[in-house]
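Trainee: Could you take me through one part of this model closely? I am new to this and would like a connected picture.

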Amino acid sequence: MVAVFNKELLSWYLITLKLRETVESGIPRSSTGTTKSLVLPEEYEHQLQKQRHVPSDSLQVAINEDGEKCEEAATSPKSEWIISIKEKLEQARQDDAAGSWERLSIYRVPHYLREGDIKAYVPQIVSLGPYHHGKRHLRRMDQHKWRSLHRVLKRTNQEIQVYLDSMKELEERARACYEGTITLSSNEFVEMMVLDGCFVLELFQGAAVGFQRLGYARNDPVFAMRGSMHAIHRDMIMLENQLPLFILDRLLGIQLGEPDQKGKVAKLAIRFFDPLMPTDEPLTKSDMNRLGSSLGHTNTFDPFSDLGGLHCLDVFRRSLLRSGPKPVPRMWLKKRSNAIRVADKRRQQLIHCVSELREAGIKFKKRKTDRFWDIKFKNGILHIPRLLIHDGTKSLFLNLIAFEQCHLDCSNDITSYLIFMDNLINSLEDVGYLHYFGIIEHWLGSDAEVADLFNRLCQEVVFDINNSYLSQLSEDVNRYYNHRWNAWRAALKHRYFNNPWAIISFFAACILLVLTFTQTFYGVYGYYRPST
(Lines give C-alpha, C1' and ligand atoms only; values in the text may rest on other atoms or scores of the structure.)
Protein backbone atom coordinates (compact mmCIF):
# COMPACT_ATOMS: atom_id res chain seq x y z
CA MET A 1 0.00 0.00 0.00
CA VAL A 2 1.31 3.39 -0.98
CA ALA A 3 0.96 6.19 1.55
CA VAL A 4 0.99 9.63 0.02
CA PHE A 5 2.31 12.29 2.39
CA ASN A 6 2.24 15.16 -0.04
CA LYS A 7 -0.25 15.71 -2.84
CA GLU A 8 2.35 17.54 -4.91
CA LEU A 9 4.65 14.51 -4.67
CA LEU A 10 2.07 12.21 -6.25
CA SER A 11 2.74 13.32 -9.81
CA TRP A 12 6.51 13.00 -9.35
CA TYR A 13 6.03 9.54 -7.83
CA LEU A 14 4.11 8.33 -10.92
CA ILE A 15 6.88 9.68 -13.14
CA THR A 16 9.39 7.86 -10.95
CA LEU A 17 7.58 4.54 -11.39
CA LYS A 18 7.49 5.01 -15.14
CA LEU A 19 11.16 5.80 -15.27
CA ARG A 20 11.95 2.82 -13.07
CA GLU A 21 10.30 0.46 -15.53
CA THR A 22 12.25 2.10 -18.35
CA VAL A 23 15.69 1.97 -16.81
CA GLU A 24 15.35 -1.19 -14.68
CA SER A 25 15.71 -3.45 -17.68
CA GLY A 26 19.22 -2.04 -18.26
CA ILE A 27 20.31 -2.49 -14.65
CA PRO A 28 21.59 -5.96 -13.63
CA ARG A 29 19.65 -7.40 -10.70
CA SER A 30 21.79 -7.99 -7.62
CA SER A 31 21.78 -11.41 -6.02
CA THR A 32 21.31 -9.85 -2.63
CA GLY A 33 18.11 -8.38 -1.37
CA THR A 34 19.54 -4.99 -0.58
CA THR A 35 17.65 -1.87 -1.54
CA LYS A 36 18.79 0.09 -4.62
CA SER A 37 18.10 3.78 -4.88
CA LEU A 38 16.80 4.80 -8.24
CA VAL A 39 19.17 7.22 -10.00
CA LEU A 40 17.07 9.85 -11.72
CA PRO A 41 18.10 12.29 -14.39
CA GLU A 42 19.57 15.51 -13.10
CA GLU A 43 16.56 17.63 -14.08
CA TYR A 44 14.06 15.49 -12.18
CA GLU A 45 16.35 15.21 -9.19
CA HIS A 46 16.54 18.99 -9.06
CA GLN A 47 12.75 19.22 -9.05
CA LEU A 48 12.52 16.65 -6.29
CA GLN A 49 15.05 18.61 -4.24
CA LYS A 50 12.80 21.68 -4.48
CA GLN A 51 9.86 19.61 -3.32
CA ARG A 52 11.76 18.51 -0.21
CA HIS A 53 12.03 22.13 0.94
CA VAL A 54 8.33 22.87 0.97
CA PRO A 55 6.93 23.46 4.48
CA SER A 56 5.29 20.04 4.75
CA ASP A 57 6.28 16.72 6.19
CA SER A 58 7.55 15.37 2.89
CA LEU A 59 9.62 12.23 2.83
CA GLN A 60 12.26 11.08 0.41
CA VAL A 61 11.12 8.01 -1.51
CA ALA A 62 13.32 5.01 -2.26
CA ILE A 63 12.33 1.92 -4.27
CA ASN A 64 13.36 -1.57 -3.42
CA GLU A 65 13.51 -4.68 -5.60
CA ASP A 66 9.85 -5.54 -5.08
CA GLY A 67 8.67 -2.04 -6.10
CA GLU A 68 7.70 -1.05 -2.58
CA LYS A 69 8.45 2.38 -1.10
CA CYS A 70 10.55 2.78 2.01
CA GLU A 71 10.89 5.94 4.05
CA GLU A 72 14.28 7.55 4.49
CA ALA A 73 14.81 9.66 7.56
CA ALA A 74 14.06 13.20 6.46
CA THR A 75 15.09 16.21 8.48
CA SER A 76 12.51 16.66 11.20
CA PRO A 77 11.12 20.12 12.10
CA LYS A 78 12.56 19.82 15.61
CA SER A 79 16.11 19.33 14.34
CA GLU A 80 15.73 22.29 11.95
CA TRP A 81 14.55 24.42 14.89
CA ILE A 82 17.61 23.42 16.95
CA ILE A 83 19.93 24.23 14.03
CA SER A 84 18.30 27.67 13.69
CA ILE A 85 18.84 28.39 17.39
CA LYS A 86 22.50 27.35 17.17
CA GLU A 87 23.02 29.66 14.19
CA LYS A 88 21.55 32.60 16.12
CA LEU A 89 23.76 31.83 19.12
CA GLU A 90 26.79 31.71 16.85
CA GLN A 91 25.87 35.12 15.43
CA ALA A 92 25.50 36.47 18.96
CA ARG A 93 28.95 35.10 19.86
CA GLN A 94 30.46 36.84 16.84
CA ASP A 95 28.78 40.11 17.78
CA ASP A 96 30.19 39.94 21.30
CA ALA A 97 33.65 39.00 20.04
CA ALA A 98 33.67 41.86 17.55
CA GLY A 99 33.07 44.42 20.31
CA SER A 100 31.13 46.63 17.90
CA TRP A 101 29.23 48.34 20.74
CA GLU A 102 32.34 50.24 21.83
CA ARG A 103 32.31 52.52 18.77
CA LEU A 104 28.55 52.91 18.59
CA SER A 105 27.59 56.61 18.74
CA ILE A 106 24.76 57.23 16.24
CA TYR A 107 21.63 55.54 17.52
CA ARG A 108 18.10 54.87 16.39
CA VAL A 109 15.72 56.66 18.73
CA PRO A 110 14.00 54.10 21.01
CA HIS A 111 10.32 53.51 20.33
CA TYR A 112 9.25 54.55 23.82
CA LEU A 113 10.69 58.02 23.14
CA ARG A 114 9.57 58.19 19.51
CA GLU A 115 5.87 57.78 20.36
CA GLY A 116 5.59 61.34 21.65
CA ASP A 117 6.35 63.21 18.41
CA ILE A 118 7.88 61.21 15.56
CA LYS A 119 8.45 64.31 13.42
CA ALA A 120 10.92 65.59 15.97
CA TYR A 121 13.23 62.66 15.17
CA VAL A 122 12.67 62.17 11.41
CA PRO A 123 14.21 64.61 8.89
CA GLN A 124 11.78 66.44 6.63
CA ILE A 125 14.13 67.94 4.01
CA VAL A 126 17.59 66.35 3.98
CA SER A 127 18.90 62.92 4.98
CA LEU A 128 22.43 62.31 6.26
CA GLY A 129 23.75 58.83 6.89
CA PRO A 130 22.10 55.45 6.24
CA TYR A 131 19.03 55.51 8.50
CA HIS A 132 16.87 57.68 6.20
CA HIS A 133 18.90 57.31 3.02
CA GLY A 134 16.82 57.04 -0.15
CA LYS A 135 13.44 57.86 1.38
CA ARG A 136 11.05 59.29 -1.19
CA HIS A 137 10.26 62.59 0.52
CA LEU A 138 13.99 63.33 0.94
CA ARG A 139 15.13 62.60 -2.63
CA ARG A 140 14.61 66.17 -3.83
CA MET A 141 17.72 67.24 -1.93
CA ASP A 142 19.92 64.68 -3.74
CA GLN A 143 20.36 66.89 -6.79
CA HIS A 144 21.67 69.68 -4.55
CA LYS A 145 24.07 67.24 -2.90
CA TRP A 146 25.50 66.35 -6.29
CA ARG A 147 25.76 70.05 -7.12
CA SER A 148 27.76 70.62 -3.96
CA LEU A 149 30.10 67.73 -4.75
CA HIS A 150 30.63 69.04 -8.29
CA ARG A 151 31.39 72.49 -6.88
CA VAL A 152 33.93 71.06 -4.43
CA LEU A 153 35.76 69.09 -7.14
CA LYS A 154 35.78 72.09 -9.46
CA ARG A 155 37.00 74.48 -6.77
CA THR A 156 39.76 72.17 -5.47
CA ASN A 157 40.70 70.76 -8.90
CA GLN A 158 40.69 67.21 -7.49
CA GLU A 159 39.48 63.85 -8.75
CA ILE A 160 36.55 62.04 -7.18
CA GLN A 161 38.65 58.91 -6.84
CA VAL A 162 40.71 60.56 -4.10
CA TYR A 163 37.59 60.99 -1.95
CA LEU A 164 36.27 57.50 -2.68
CA ASP A 165 39.57 55.81 -1.81
CA SER A 166 39.84 57.78 1.43
CA MET A 167 36.30 56.88 2.52
CA LYS A 168 36.94 53.24 1.58
CA GLU A 169 39.68 53.18 4.21
CA LEU A 170 37.24 54.44 6.88
CA GLU A 171 34.23 52.36 5.83
CA GLU A 172 34.48 49.67 8.51
CA ARG A 173 35.06 52.24 11.26
CA ALA A 174 32.14 54.35 10.03
CA ARG A 175 29.74 51.40 9.85
CA ALA A 176 30.55 50.55 13.47
CA CYS A 177 29.22 53.97 14.54
CA TYR A 178 25.68 53.07 13.46
CA GLU A 179 23.25 50.86 15.33
CA GLY A 180 22.10 47.65 13.70
CA THR A 181 22.97 46.20 10.30
CA ILE A 182 23.45 48.65 7.45
CA THR A 183 22.08 47.01 4.29
CA LEU A 184 23.90 49.30 1.86
CA SER A 185 26.65 47.69 -0.20
CA SER A 186 30.25 48.82 0.18
CA ASN A 187 30.13 51.05 -2.89
CA GLU A 188 26.77 52.55 -1.92
CA PHE A 189 27.95 53.27 1.62
CA VAL A 190 31.17 54.94 0.44
CA GLU A 191 29.27 57.02 -2.13
CA MET A 192 26.81 58.14 0.54
CA MET A 193 29.61 59.19 2.91
CA VAL A 194 31.33 61.29 0.22
CA LEU A 195 28.11 62.87 -1.04
CA ASP A 196 26.58 63.67 2.36
CA GLY A 197 29.90 64.71 3.89
CA CYS A 198 30.77 67.20 1.15
CA PHE A 199 27.23 68.61 1.33
CA VAL A 200 27.56 69.21 5.08
CA LEU A 201 30.99 70.83 4.72
CA GLU A 202 29.70 73.18 2.01
CA LEU A 203 26.94 74.33 4.36
CA PHE A 204 29.40 74.79 7.24
CA GLN A 205 31.91 76.76 5.18
CA GLY A 206 29.21 78.79 3.45
CA ALA A 207 27.77 79.88 6.80
CA ALA A 208 31.27 80.90 7.92
CA VAL A 209 32.67 82.75 4.87
CA GLY A 210 29.60 83.26 2.69
CA PHE A 211 28.13 81.04 -0.02
CA GLN A 212 28.95 83.49 -2.79
CA ARG A 213 32.65 83.16 -2.02
CA LEU A 214 32.28 79.42 -2.59
CA GLY A 215 30.83 80.09 -6.04
CA TYR A 216 27.09 79.79 -5.40
CA ALA A 217 24.55 82.23 -6.77
CA ARG A 218 22.96 84.81 -4.51
CA ASN A 219 19.51 83.32 -5.12
CA ASP A 220 20.56 79.66 -4.80
CA PRO A 221 17.61 77.60 -3.51
CA VAL A 222 19.73 75.81 -0.88
CA PHE A 223 23.20 77.33 -0.56
CA ALA A 224 22.06 80.73 0.64
CA MET A 225 20.88 82.07 3.97
CA ARG A 226 17.21 81.70 3.12
CA GLY A 227 14.15 80.61 5.06
CA SER A 228 14.74 76.93 4.26
CA MET A 229 18.03 77.04 6.17
CA HIS A 230 16.15 76.89 9.48
CA ALA A 231 14.54 73.59 8.47
CA ILE A 232 17.94 72.29 7.33
CA HIS A 233 19.41 73.23 10.71
CA ARG A 234 16.67 71.28 12.45
CA ASP A 235 17.16 68.17 10.27
CA MET A 236 20.94 68.16 10.63
CA ILE A 237 20.85 68.22 14.44
CA MET A 238 18.70 65.07 14.72
CA LEU A 239 20.25 61.99 16.32
CA GLU A 240 19.33 59.62 13.48
CA ASN A 241 20.64 62.08 10.87
CA GLN A 242 24.32 62.25 11.79
CA LEU A 243 27.68 61.55 10.14
CA PRO A 244 30.75 60.53 12.18
CA LEU A 245 32.91 63.57 12.85
CA PHE A 246 36.08 61.81 11.70
CA ILE A 247 34.50 61.42 8.26
CA LEU A 248 34.01 65.17 8.03
CA ASP A 249 37.53 65.79 9.35
CA ARG A 250 39.02 63.57 6.64
CA LEU A 251 36.97 65.15 3.83
CA LEU A 252 37.90 68.68 4.93
CA GLY A 253 41.53 67.64 5.12
CA ILE A 254 41.40 66.43 1.51
CA GLN A 255 39.77 69.67 0.37
CA LEU A 256 42.34 71.87 2.13
CA GLY A 257 45.32 69.63 1.35
CA GLU A 258 46.13 69.27 5.07
CA PRO A 259 45.35 65.85 6.58
CA ASP A 260 45.16 66.95 10.23
CA GLN A 261 41.98 69.03 10.56
CA LYS A 262 40.77 67.80 13.94
CA GLY A 263 38.80 70.51 15.68
CA LYS A 264 38.16 72.72 12.67
CA VAL A 265 34.96 70.96 11.63
CA ALA A 266 33.70 71.18 15.22
CA LYS A 267 34.24 74.95 15.27
CA LEU A 268 32.46 75.31 11.91
CA ALA A 269 29.56 73.22 13.22
CA ILE A 270 29.15 75.41 16.32
CA ARG A 271 28.98 78.51 14.16
CA PHE A 272 26.52 76.88 11.74
CA PHE A 273 24.14 75.72 14.50
CA ASP A 274 24.34 78.97 16.48
CA PRO A 275 20.73 79.97 15.51
CA LEU A 276 19.51 76.94 17.45
CA MET A 277 21.10 78.09 20.71
CA PRO A 278 18.40 78.30 23.43
CA THR A 279 19.83 81.58 24.75
CA ASP A 280 20.99 84.91 23.35
CA GLU A 281 22.17 86.46 26.60
CA PRO A 282 25.57 88.09 25.92
CA LEU A 283 28.24 88.48 28.55
CA THR A 284 29.96 91.84 28.96
CA LYS A 285 33.70 92.01 29.53
CA SER A 286 33.26 92.83 33.22
CA ASP A 287 30.82 89.92 33.60
CA MET A 288 33.32 87.54 32.02
CA ASN A 289 36.11 88.75 34.32
CA ARG A 290 33.87 88.42 37.37
CA LEU A 291 32.79 84.95 36.25
CA GLY A 292 36.37 83.84 35.73
CA SER A 293 37.48 85.08 39.13
CA SER A 294 34.52 83.42 40.87
CA LEU A 295 35.10 80.07 39.20
CA GLY A 296 38.82 79.96 39.93
CA HIS A 297 41.02 77.31 38.36
CA THR A 298 40.39 74.18 40.36
CA ASN A 299 36.66 73.60 40.17
CA THR A 300 36.04 74.30 36.48
CA PHE A 301 35.77 72.00 33.57
CA ASP A 302 35.44 72.54 29.83
CA PRO A 303 33.68 69.66 28.07
CA PHE A 304 34.75 71.10 24.71
CA SER A 305 38.42 71.71 25.52
CA ASP A 306 39.65 68.75 23.47
CA LEU A 307 37.85 70.04 20.35
CA GLY A 308 36.65 66.51 19.79
CA GLY A 309 33.23 65.00 19.43
CA LEU A 310 31.40 62.04 17.97
CA HIS A 311 29.13 63.88 15.54
CA CYS A 312 27.46 67.28 15.10
CA LEU A 313 24.81 66.68 17.77
CA ASP A 314 27.51 65.76 20.28
CA VAL A 315 29.54 68.84 19.30
CA PHE A 316 26.51 71.09 19.76
CA ARG A 317 25.75 69.54 23.14
CA ARG A 318 29.34 70.09 24.26
CA SER A 319 29.11 73.74 23.23
CA LEU A 320 25.98 74.15 25.35
CA LEU A 321 27.84 72.79 28.39
CA ARG A 322 31.03 74.76 27.81
CA SER A 323 33.17 76.04 30.72
CA GLY A 324 31.16 75.97 33.88
CA PRO A 325 31.37 74.91 37.52
CA LYS A 326 31.77 71.19 37.73
CA PRO A 327 28.95 69.65 39.79
CA VAL A 328 30.26 67.70 42.78
CA PRO A 329 27.76 65.06 43.95
CA ARG A 330 27.49 64.38 47.66
CA MET A 331 29.42 61.31 48.76
CA TRP A 332 26.48 59.47 50.31
CA LEU A 333 24.44 59.99 47.17
CA LYS A 334 27.35 58.86 45.06
CA LYS A 335 27.59 55.62 47.00
CA ARG A 336 23.90 54.95 46.53
CA SER A 337 23.88 55.90 42.85
CA ASN A 338 25.93 53.04 41.54
CA ALA A 339 25.53 50.78 38.56
CA ILE A 340 23.33 48.36 40.50
CA ARG A 341 20.77 51.02 41.32
CA VAL A 342 17.88 51.21 38.84
CA ALA A 343 16.33 54.58 38.03
CA ASP A 344 12.90 54.94 39.57
CA LYS A 345 10.23 56.70 37.51
CA ARG A 346 8.42 57.64 40.73
CA ARG A 347 11.40 59.64 42.02
CA GLN A 348 11.79 62.30 39.33
CA GLN A 349 10.18 65.21 41.19
CA LEU A 350 13.16 67.45 41.86
CA ILE A 351 11.29 70.53 42.97
CA HIS A 352 7.82 72.05 43.42
CA CYS A 353 6.16 74.20 40.77
CA VAL A 354 6.48 77.97 40.59
CA SER A 355 3.09 78.66 42.18
CA GLU A 356 3.82 76.48 45.21
CA LEU A 357 7.32 77.91 45.65
CA ARG A 358 5.91 81.44 45.58
CA GLU A 359 3.54 80.56 48.41
CA ALA A 360 6.58 79.46 50.43
CA GLY A 361 8.25 82.82 49.88
CA ILE A 362 10.77 81.77 47.23
CA LYS A 363 11.49 84.50 44.70
CA PHE A 364 12.67 84.22 41.09
CA LYS A 365 15.24 86.34 39.35
CA LYS A 366 16.87 86.23 35.93
CA ARG A 367 20.55 85.37 36.05
CA LYS A 368 22.77 87.14 33.53
CA THR A 369 24.78 84.35 31.92
CA ASP A 370 24.83 82.63 28.53
CA ARG A 371 24.87 79.21 30.22
CA PHE A 372 21.13 78.55 30.37
CA TRP A 373 21.56 75.46 32.58
CA ASP A 374 23.56 77.23 35.34
CA ILE A 375 20.86 77.71 38.02
CA LYS A 376 21.65 79.08 41.49
CA PHE A 377 19.72 79.38 44.76
CA LYS A 378 20.69 81.81 47.52
CA ASN A 379 18.82 83.53 50.35
CA GLY A 380 15.43 82.34 49.16
CA ILE A 381 15.97 83.56 45.58
CA LEU A 382 16.15 81.17 42.62
CA HIS A 383 18.43 82.64 39.95
CA ILE A 384 17.59 81.13 36.55
CA PRO A 385 19.26 82.16 33.27
CA ARG A 386 17.16 83.25 30.34
CA LEU A 387 15.78 80.54 28.03
CA LEU A 388 14.64 81.20 24.45
CA ILE A 389 11.95 78.95 23.01
CA HIS A 390 11.06 78.81 19.31
CA ASP A 391 9.48 76.28 16.95
CA GLY A 392 12.73 74.27 16.68
CA THR A 393 13.39 74.06 20.43
CA LYS A 394 11.22 70.99 20.96
CA SER A 395 13.02 68.90 18.32
CA LEU A 396 16.42 70.06 19.60
CA PHE A 397 15.73 69.15 23.23
CA LEU A 398 14.11 65.81 22.33
CA ASN A 399 17.15 64.72 20.32
CA LEU A 400 19.55 65.85 23.05
CA ILE A 401 17.53 63.82 25.57
CA ALA A 402 17.54 60.79 23.25
CA PHE A 403 21.32 60.98 22.86
CA GLU A 404 21.87 61.22 26.62
CA GLN A 405 19.51 58.27 27.16
CA CYS A 406 21.23 56.08 24.55
CA HIS A 407 24.94 56.90 24.93
CA LEU A 408 26.49 55.38 28.03
CA ASP A 409 29.56 57.66 28.11
CA CYS A 410 27.41 60.76 28.28
CA SER A 411 26.20 62.77 31.27
CA ASN A 412 22.54 63.62 31.80
CA ASP A 413 23.01 67.37 32.29
CA ILE A 414 20.56 68.51 29.60
CA THR A 415 18.00 65.95 30.76
CA SER A 416 18.43 67.08 34.38
CA TYR A 417 17.85 70.72 33.42
CA LEU A 418 14.73 69.93 31.40
CA ILE A 419 13.23 67.77 34.14
CA PHE A 420 13.94 70.57 36.62
CA MET A 421 12.10 73.05 34.37
CA ASP A 422 9.30 70.53 33.84
CA ASN A 423 8.87 70.36 37.62
CA LEU A 424 8.78 74.16 37.85
CA ILE A 425 6.18 74.57 35.10
CA ASN A 426 2.80 72.97 35.67
CA SER A 427 0.47 75.57 34.21
CA LEU A 428 0.33 78.63 32.00
CA GLU A 429 0.38 80.78 35.16
CA ASP A 430 3.83 79.38 35.97
CA VAL A 431 5.04 80.26 32.45
CA GLY A 432 3.54 83.74 32.70
CA TYR A 433 5.30 84.40 36.00
CA LEU A 434 8.69 83.31 34.63
CA HIS A 435 8.08 85.32 31.47
CA TYR A 436 7.31 88.40 33.57
CA PHE A 437 10.76 88.18 35.16
CA GLY A 438 12.49 87.60 31.81
CA ILE A 439 13.46 84.00 32.55
CA ILE A 440 11.46 82.52 29.66
CA GLU A 441 11.12 84.19 26.27
CA HIS A 442 9.12 82.40 23.60
CA TRP A 443 7.65 82.86 20.14
CA LEU A 444 4.95 80.24 20.43
CA GLY A 445 1.24 80.93 20.30
CA SER A 446 0.59 81.18 24.06
CA ASP A 447 1.95 80.42 27.51
CA ALA A 448 -0.20 77.30 27.53
CA GLU A 449 1.79 75.89 24.58
CA VAL A 450 5.04 76.46 26.46
CA ALA A 451 3.68 74.66 29.52
CA ASP A 452 2.52 71.78 27.33
CA LEU A 453 5.94 71.61 25.65
CA PHE A 454 7.81 71.16 28.94
CA ASN A 455 5.25 68.73 30.32
CA ARG A 456 5.67 66.49 27.26
CA LEU A 457 9.44 66.66 26.84
CA CYS A 458 10.30 64.20 29.60
CA GLN A 459 7.19 62.02 29.65
CA GLU A 460 9.00 58.75 28.91
CA VAL A 461 12.40 59.71 30.30
CA VAL A 462 13.72 57.87 33.35
CA PHE A 463 16.85 58.91 35.21
CA ASP A 464 18.25 58.86 38.72
CA ILE A 465 17.79 62.24 40.42
CA ASN A 466 20.81 61.48 42.62
CA ASN A 467 23.01 61.67 39.51
CA SER A 468 21.64 65.10 38.60
CA TYR A 469 23.88 68.14 38.91
CA LEU A 470 20.82 69.95 40.33
CA SER A 471 20.18 67.48 43.16
CA GLN A 472 21.94 69.58 45.84
CA LEU A 473 20.21 72.77 44.70
CA SER A 474 16.85 71.02 44.70
CA GLU A 475 17.39 69.81 48.24
CA ASP A 476 18.24 73.35 49.39
CA VAL A 477 15.09 74.71 47.76
CA ASN A 478 12.93 71.97 49.27
CA ARG A 479 14.41 72.57 52.72
CA TYR A 480 13.55 76.26 52.44
CA TYR A 481 10.07 75.36 51.16
CA ASN A 482 9.38 73.06 54.12
CA HIS A 483 10.28 75.73 56.71
CA ARG A 484 6.94 76.98 58.14
CA TRP A 485 8.13 80.44 59.04
CA ASN A 486 8.96 81.14 55.41
CA ALA A 487 5.46 80.10 54.36
CA TRP A 488 3.83 82.30 57.03
CA ARG A 489 5.93 85.29 56.09
CA ALA A 490 5.12 84.76 52.43
CA ALA A 491 1.40 84.51 53.18
CA LEU A 492 1.57 87.79 55.11
CA LYS A 493 3.26 89.54 52.23
CA HIS A 494 0.91 88.07 49.69
CA ARG A 495 -2.26 89.03 51.58
CA TYR A 496 -1.37 92.41 53.10
CA PHE A 497 1.57 93.73 51.07
CA ASN A 498 0.73 92.72 47.53
CA ASN A 499 0.13 96.34 46.35
CA PRO A 500 0.91 99.91 47.56
CA TRP A 501 -2.64 100.63 48.75
CA ALA A 502 -2.64 97.52 50.89
CA ILE A 503 0.65 98.63 52.45
CA ILE A 504 -0.71 102.13 53.14
CA SER A 505 -3.87 100.66 54.64
CA PHE A 506 -1.83 98.35 56.85
CA PHE A 507 0.32 101.16 58.23
CA ALA A 508 -2.73 103.39 58.69
CA ALA A 509 -4.39 100.62 60.67
CA CYS A 510 -1.25 100.20 62.76
CA ILE A 511 -1.12 103.95 63.53
CA LEU A 512 -4.79 103.98 64.41
CA LEU A 513 -4.26 100.99 66.68
CA VAL A 514 -1.37 102.73 68.42
CA LEU A 515 -3.38 105.93 68.90
CA THR A 516 -6.34 103.96 70.23
CA PHE A 517 -4.07 102.13 72.64
CA THR A 518 -2.50 105.39 73.77
CA GLN A 519 -5.89 107.02 74.33
CA THR A 520 -7.07 104.02 76.32
CA PHE A 521 -3.89 104.01 78.38
CA TYR A 522 -4.19 107.68 79.37
CA GLY A 523 -7.90 107.29 80.12
CA VAL A 524 -7.22 104.41 82.51
CA TYR A 525 -4.18 106.17 83.97
CA GLY A 526 -6.19 109.35 84.66
CA TYR A 527 -8.92 107.39 86.39
CA TYR A 528 -6.58 105.73 88.89
CA ARG A 529 -4.23 108.67 89.29
CA PRO A 530 -6.25 111.82 88.94
CA SER A 531 -4.29 115.06 88.76
CA THR A 532 -4.28 117.14 91.97
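Mentor: Happy to; let us look at a pair of helices and then at the core.

This is a predicted model, in which local features need pLDDT of at least 70 and side-chain atom pairs count only at pLDDT 80 or more, while totals for chains, interfaces and linings use all residues. Residues are numbered from 1 along each chain as its sequence is written, and side-chain values use heavy atoms, leaving out hydrogens and water.

Helices here are DSSP runs of H or I with at least four residues, numbered from the N terminus. The axes of H8 (residues 186-209) and H9 (residues 228-236) come within 13 Å, crossing at roughly 125°; axes are lines fitted to C-alpha atoms over the stretch in contact, and angles run from 0 to 180 degrees between N-to-C directions. That makes H8 oblique to H9, a word for angles that are not under 35 degrees (roughly parallel), over 145 (roughly antiparallel) or 65 to 115 (roughly perpendicular). Val200, Leu203 and Phe204 of H8 make the contact with Met229, Ile232 and Met236 of H9, where contact means heavy atoms within 4.5 Å.

Phe204 also leads us to the largest nonpolar core, which has 115 residues. Such a core is a set of buried Ala, Val, Leu, Ile, Met, Phe, Trp, Tyr and Cys residues joined through side-chain atoms within 4.5 Å, and buried means under 20% relative accessible area (1.4 Å probe, protein chains only). Phe204, Leu382, Leu424 and Phe454 touch the most other members, and H8 gives the most to this core, with 12 residues. Leaving aside neighbours within four places in sequence, Leu424 is in contact with residues including Ile351, Phe364 and Leu382.

Key
Helix = DSSP H or I, 4+ residues; strand = E, 2+ residues; numbered from the N terminus. Buried < 20%, exposed > 50% of the residue type's maximum accessible area, 1.4 Å probe, protein only.
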